[in-house]
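Student: I would like to learn how to read helices and their packing in a model. Can we work through one together?

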Amino acid sequence: MKNLFCKIKKVPVVLTAFVFAGNVFLCSCGPVKTTEPEVIENEPVTEEVTETVSEPEEVVSEVKEVEEVEEVVEEPEEVYVPTAQELSPYKEIKLDGVKEHHFVSDDYCYIESEKYVLFLDKDVDLPGDFVTNMDAIVDEIERQLQVSCMPEDYEYCGVTDNTSYYGMNPWEDWDIRPKMSIFIMTDEDAKGYISNASADDLVIADYALYSEDVWNSNPEFYASEYRVRFDYVDYYAIAHELTHTVTLRQSHMTDIMTEGIADYMSREVVNALAPAYPSIGENKAEAEKYLYDAMIPEKVNADNAERIFISDYQDIDHADRGAEYVTGRYLCQFLDETYGDDFFLKYKEQIDADGIDYGYDECTEEVRINYANALKEVFGDDVFTKFGDWCVKNHALQELGGVW
Ligand SMILES: [Zn+2]
């Protein structure tokens, strides 16, 4: 509504400008004309200010204006240096937005959007509405978490070297800061790569985005019952990984919160977008059958909720992961329902205020206690007992074998 109001308000302003600029412009359309009077207006200002420079007792702010004007004049003389992106032999691709249309890459190529760049491997098959859906997912994550995916205080780097996937980095020396690097990869040797994310980049490995040729080229893909190629793009997984990048650019958290918020947001985002975005709607209708709650080592209640949060399931064998995902997802759902939509933003600000940051070191028990205390500082000392009671009442985290 706010945007619409601004658009309506703008119309009379533009018309007024035309009237003052002279009758000639009344017949013309487009905002280009309005820039002309502005340029003319600037010139006398420059002369006036330049004259005052010789009088040292004049107002200081006017002298500053001279400096600003001089800087603007110098700009065109700067030497043009092409970026690695401009020198790249790889093409920029644009999709037409039609979901039935497909683009299949025969070489490395890229798609640039407002908040990210998609780096495509060879033999990627993208539906025409892929970027439309990706844009909507990023916007929805930002809207719900109330944070930007490109925060000003994050220390950005150039495009990361994903040699573990490519064996080479076609995007070396590219600088797309502060946009997110999103690699869409095909795993032609069937090494079993899965999607993953960091604060700098994310990798999407989805069999539905492999071309027919590359899928048929390696019997290992379809020989394994664990490698299922769905005929829809898994936007749940994409929303999960995108949430990682967005939240990691804000703050490090425990495993339970990191995986929990990603799983929580993936469902929230797909549910929110499904009605308006047909491909996401189809994904939801099919994939909902496979959503599950992972196994947990003990039922959660008011007595053990804080201890479990601090344990962070760090002692569970990594091969059997899942408990931190489902526990964190329910914790986020509880926080949202009980304390409001801005629970993540409030928690992140408390983490910042407390100076909790373990960087690339181990998230020790001492650090995890600090994260638990930050949660209590924001939402009250009883946040964990309330969460335990909520779990029992809603029969969440009560089935050790999971819910399938
Ligand atoms: Zn994850």
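This is a predicted model: local features need pLDDT of at least 70, side-chain atom pairs count only at pLDDT 80 or more; totals for chains, interfaces and linings use all residues.

Student: Which residues make up helix H5, and how does its reach compare with the span expected at 1.5 Å a residue?

Tutor: Helix H5 covers residues 130-145, 16 residues in total. From its first C-alpha to its last it reaches 23 Å, close to the expected 22 Å.

Student: Which residues of H5 are buried?

Tutor: The buried positions in H5 are Phe130, Val131, Asn133, Met134, Ile137, Val138, Glu140, Ile141 and Leu145.

Student: What describes two packed helices?

Tutor: The angle between their axes and the distance between the axes. Take H5 and H10: their axes come within 10 Å and cross at roughly 115 degrees. H5 is therefore roughly perpendicular to H10. The crossing of this pair is right-handed.

Student: Which residues meet where H5 packs on H10?

Tutor: From H5 they are Ala136, Ile137, Glu140, Ile141 and Gln144; from H10 they are Met265, Glu268, Val269, Ala272 and Leu273. By class, this contact has 7 nonpolar residues, 1 polar and 2 charged.

Student: How do the axes of H9 and H10 lie, and is their crossing left-handed or right-handed?

Tutor: The axes of H9 (residues 235-248) and H10 (residues 255-273) come within 8 Å and cross at roughly 125 degrees. That angle is why H9 and H10 are classed as oblique to each other. Their crossing is right-handed.

Student: Which residues form the contact of H9 with H10?

Tutor: H9 contributes Tyr235, Tyr236, Ala239, His240, Thr243, His244 and Thr247. H10 contributes Ile261, Ala262, Asp263, Met265, Ser266, Val269 and Val270. The contact divides into 8 nonpolar, 5 polar and 1 charged.

Student: Where is Ala285 placed, and is it buried or exposed?

Tutor: Ala285 lies in helix H11, residues 278-287. A residue counts as exposed at 12 or fewer C-beta neighbours within 10 Å; Ala285 has 11 inside 10 Å, so it is exposed. Its C-alpha is separated by 9.0 Å from that of Ala274, 11 residues apart along the chain.

Terms used
Residues are numbered from 1 along each chain as its sequence is written. Helices (H or I, at least four residues) and strands (E, at least two) are DSSP runs, numbered from the N terminus. The expected span of a helix is 1.5 Å times one less than its number of residues. A residue is buried if 20 or more other C-beta atoms lie within 10 Å of its own, exposed if 12 or fewer, and partly exposed in between; C-beta atoms are placed from the backbone. Axes are lines fitted to C-alpha atoms, for helices over the stretch in contact, and angles run from 0 to 180 degrees between N-to-C directions. Angles under 35 degrees count as roughly parallel, over 145 as roughly antiparallel, 65 to 115 as roughly perpendicular and the rest as oblique. A crossing is left-handed if the near helix is turned anticlockwise from the far one by less than a right angle, and right-handed if clockwise. Two residues are in contact if their C-beta atoms, placed from the backbone, lie within 7 Å. Ala, Val, Leu, Ile, Met, Phe, Trp, Tyr, Cys and Pro count as nonpolar, Asp, Glu, Lys and Arg as charged, and the others, Gly among them, as polar.
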